Amino acid sequence: MPFVKDVVTHKSISVVGLEKNTGKTETLNYVLKRLRTSQKQIAITSIGLDGERIDSVTQTQKPEIVVSKGVIFVTSEKHFFEKRLTAEILDVSNHRTAMGRLVIAKALSEGKVILSGPSDTVGVRKLISNLSKWDVDTTIVDGALSRLSLASPAVTDAMILATGAALSANIPQLVRKTLFVKQLIELEPVDAELSEQLQALKSGIWAIDKENRLHDLDIQSVFMIDKSERDIFEFGTRLYVAGAVSDKLINCLRTHKRPVELIIHDFSKVFASQLNFDAFLQGGNTMKSLFKNKLIAVTINPLAPNGLMLNTETLQKALEEELNIPVYDVMELQKDDSSLKFRE
Amino acid sequence: MRIKEAIAHISGFKFVIDALNIQSSAGRRILYALPFLKVSEDIEREIEKTEWLIEGMKEEAFSQKIALIQMKMGELRDIASTISRLKYNTILDDIELFEVKHLAILADSIGKEVKKLKLSFVIIPDLTNTIEILDPQSKKIPQFYIYDEYSPTLTSIRSEISKINQSEATDDEINALRLKEKEEEDKIRRELTQKLQPYGVDLKSALNEIATLDLLIAKAHLTKELQLTKPTFTEEITFLSELFNPEIESSLQKQGKEFQPVSISIPAMPTLITGANMTGKTVLLKSIALIQTLAQFGFHVPASSAKIVPVDRIICCMTDEQDELSGLSSFAAEMIRLNKMIEQIEKGESLLVLIDELARTTNPTEGKAIVAGVLNFLSEHKVSSLITTHYTIDIPCRKLRVRGFRLKDENVKIDIHNINNYIDYSLEESHENEVPHEAIYIAEILGISDDLLHRIKSYLND
């Protein structure tokens, strides 16, 4: 089977859903299931608390991940005690989350577990690198895509995107939206040294001069950029925006009529519409991000929560044509392969 | 006094504490609980431990072992609260059991290294029994779960679960088995906790011994790094030779300047220190407070040699921003402090009193009287004390004077940037009552306006 063998060639990979009900958890479970026969040591964790899990307060069902024997999983103390499998504790990290410390454990039997992980980008990176202590070959990250989150799935080497009818019921529109995200994910990264420097900046708009020196432009909010009285190009036309990238920001930079190199933290910070993004690039400007990332596959869920069902085959073909990467309907794949059936 | 208070009140103490490279949070806990030692023998015993490590670390092999131990200490977790839960027989959960096992195995491995180094003052109890309880597979690795080996019932439940997982069973069937597994696991946790309970004391002592060693190693490194000296203790006269202040020294070094070490003796009587402005009187008092504090917490001290009389309490009367915040005028705050000091002296406590420019915030006539009165009291009660002043005080007492602007060079224009080079910070015995009159000269060097200087000088000549 296709993209799963591609997964283990990466040190870390995140699975990201473009919208709720696009089948992220199914994709994750499918990947994990397929990796059961792999000789590689797999680890799995999550980024912080995503919207769904916060619903533990409202008693809504939380997605559980099926972990097979031998897989290392990382989750908070709270979720560790709720696990439905036998697991050996390898380590308890000092990293504290809202739900206690992170527990690194190895599954000794197959079973279900709720994942939670570090809530900031630095924490995720540190965790992935620490896992090498346990000979982990590939870490799979359940990547919450939240613009409010301090952690971004962009820190992994590769990514799988779950999309589907929940994002748009119109196939051409769904394809366009997904393609835009792919474009953003695969933005050219800045060099590693500059990336480290910029990652340390938590907010603001910064200019980077020719000697890679950083200058704070003292713009309180991106929404104030056109109100700024100082020359934002005082130190050159290379700018870094630590926070959200809005339509307003892009348009403001575009109207200055000089080629700007805009560096963004990662794709999840882009709020701007595709229209403005395209106009920005066409004006001779460039956009780069801090992390090198690669989209290795897209999974689709043709069923929308309102009951609307898109034609899987049409959708799959349309996406593959535009994205040039494998596109799968995970549910269909499972039907084909009865030996890998899930217990739900 | 606790370390926390010393950090807040003793200038330069935080700098030294921050320079300590402690690996574990338990080590930091031990640091913050260090007692302020008042008996010479206790302090000596404490300092001897650091000294022992410093001596040992001169040897390459010893030093490498210490580095290895330090690396292992990075793994130490402060599980004091888990251990006390054990004391009250609360059933430990898997994470807590893991922590106990982790500590026991780590302590075992650090203990072996400590034995090789013959560190007689670190006694890590034998935790073999604890390890055995939590390691039924005898793997000697710190991982933990409720092992199948603990109970045949558990083994059979688990094998049933794994069998049923392969087949087409319903969720309910699996959940029923999981519940049985959970019950059995709980039973085992209860048994494990009971078995571990007698070893709680040993676990606690192992944790604290390792944490203490962590602190000691950090102290040994600190001594080398800041070039501190082993102090000795006496009942008679404190004598500090070439004392310096690490924080000020480091900040001067950054500006390309040097700290001029000063020597001083402090007998059991008041000493009045005079000297022109900018001659380092305040820094001198702060450095002495720092040295006395460090020594009594069992640290080496910044001086080339130090003979110290331990005291019950160090009283520092210096400008404090806190006064204004608490709504007191500087004069009121000073008087309240003086009064506290008097009470403590009358209670019979031995003190080291350091007062910077006593009564400077009031009129010179009454100010002088206050200084004289305090000197008289301190003299009668034989209190080791240093008081700096700009007032001319003519009652007989021991007087020291900072040599000050003795290094004048006619060819060089002295200004604010090079002024330090022309000051001799050392002290000399003085028998004159008259204090140095160099305030206006210094103001001139600092470059204040000619107009103002002219006016000032016209009044001085009156």
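User: What makes residues of chain B and chain A count as being in contact?

Analyst: In this predicted model, 23 residues of chain B are in contact with 25 residues of chain A, where contact means heavy atoms within 4.5 Å. Local features need pLDDT of at least 70 and side-chain atom pairs count only at pLDDT 80 or more, while totals for chains, interfaces and linings use all residues; side-chain values use heavy atoms, with hydrogens and water left out. Residues are numbered from 1 along each chain as its sequence is written, and chains are lettered from A in the order in which they are written.

User: What is the area buried between chain B and chain A?

Analyst: The buried area, which is the accessible area (1.4 Å probe) that the two parts lose on being put together, summed over both, is about 1,900 Å² for chain B and chain A, with carbon and sulfur atoms giving 46% of that area.

User: Why is the pair A:Lys133 and B:Glu75 called a salt bridge?

Analyst: The term requires a side-chain nitrogen of Lys or Arg within 4 Å of a carboxyl oxygen of Asp or Glu; the N to O distance for A:Lys133 and B:Glu75 is 3.9 Å, so the pair qualifies. Across this interface of chain B and chain A, the rule finds three salt bridges.

User: Which helix of chain B gives the most to the side that touches chain A, and what kinds of residue make up that side?

Analyst: Helix 10 of chain B gives the most, with six residues, a helix here being a DSSP run (H or I, at least four residues) numbered from the N terminus. The whole side divides into eight nonpolar, four polar and eleven charged residues, with Asp, Glu, Lys and Arg counted as charged, Ala, Val, Leu, Ile, Met, Phe, Trp, Tyr, Cys and Pro as nonpolar, and the others, Gly among them, as polar.

Methods
Helices (H or I, at least four residues) and strands (E, at least two) are DSSP runs, numbered from the N terminus.
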